[in-house]
Amino acid sequence: MSRQAAQRSWMIHIRKDYLKFSAAHMTVFADGSKESLHGHNYQVELTVELTEPALAHMLSYDIFKQALKTVCHQWDEKVLIAGRNPYLETLAAAPDEYAFRLCGKRYILPADEVVVLAVDNITAENLAQALFERLWDELNRDRSVPWRERTIAACLRIDESLGQGASYRVQWEY
């Protein structure tokens, strides 16, 4: 096999029982109806395609696990709200409360139990993208690791139940 003809790829996969979060949400539909407030025990998995596995370019699994654990914790035991949803109306509330109307129903929740995301709907697809972006920001806090030089692509998968979820993948141009 010639070196020029062969495309090679190395991938690492990270899925641990503790890489999860439990969160409540309401998905809104195009007609303005919505699901009832309910929750899932989301499981998170990361796949990273490496430029090469050589010792000089090695990336520790632990770095990815710690960053995933950090971002999962931010959403654990929270109510996730789609801040860009056209059916969302934020209402005046006490400083320790988050009040809103969604699809005509009014809610008041403890503010410290709410995470408002910059998405138009709380779906597995949007959560995968939003969590990936938080993960990438967390990883890039460590400026000593040239992430873009050592990775070709990364894919974050979120399962909201066994056999049901979504993935978000980024492939960098070189």
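**Helix α1**

Select F64, K65, A67, L68, V71, C72 and W75: these are the buried residues of α1 (buried: under 20% relative accessible area; exposed: over 50%; partly exposed: in between; 1.4 Å probe, protein chains only). They lie on the same side of α1, because their arc around the axis is only 170 degrees (the arc is taken over directions from the helix axis to the C-beta atoms). This is a predicted model, in which local features need pLDDT of at least 70 and side-chain atom pairs pLDDT 80 or more, while totals for chains, interfaces and linings use all residues. Residues are numbered from 1 along each chain as its sequence is written, and side-chain values use heavy atoms, without hydrogens and water.

Helices (H or I, at least four residues) and strands (E, at least two) are DSSP runs, numbered from the N terminus. At the start of α1, a side-chain oxygen of S60 comes within 3.0 Å of the backbone nitrogen of D62. Just after α1, E77 has a positive phi of about 60 degrees.

**The sheet**

Next, show the open three-stranded sheet, ordered β5-β6-β7 with antiparallel pairing (strands pair if DSSP finds at least two bridges between them). Its edge strands are β5 (88-91) and β7 (105-110). Four bridges join β5 to β6 (residues 97-102); E89 stands opposite R101 in β6.

**Cysteines**

Finally, how many disulfides are there? The count is zero, taking a disulfide as two cysteine sulfur atoms within 2.5 Å. For C155, the nearest cysteine sulfur is that of C72, 15 Å away.

Note on methods
Polar contact = N/O pair within 3.5 Å; in protein donor to acceptor, adjacent residues only side chain to side chain.
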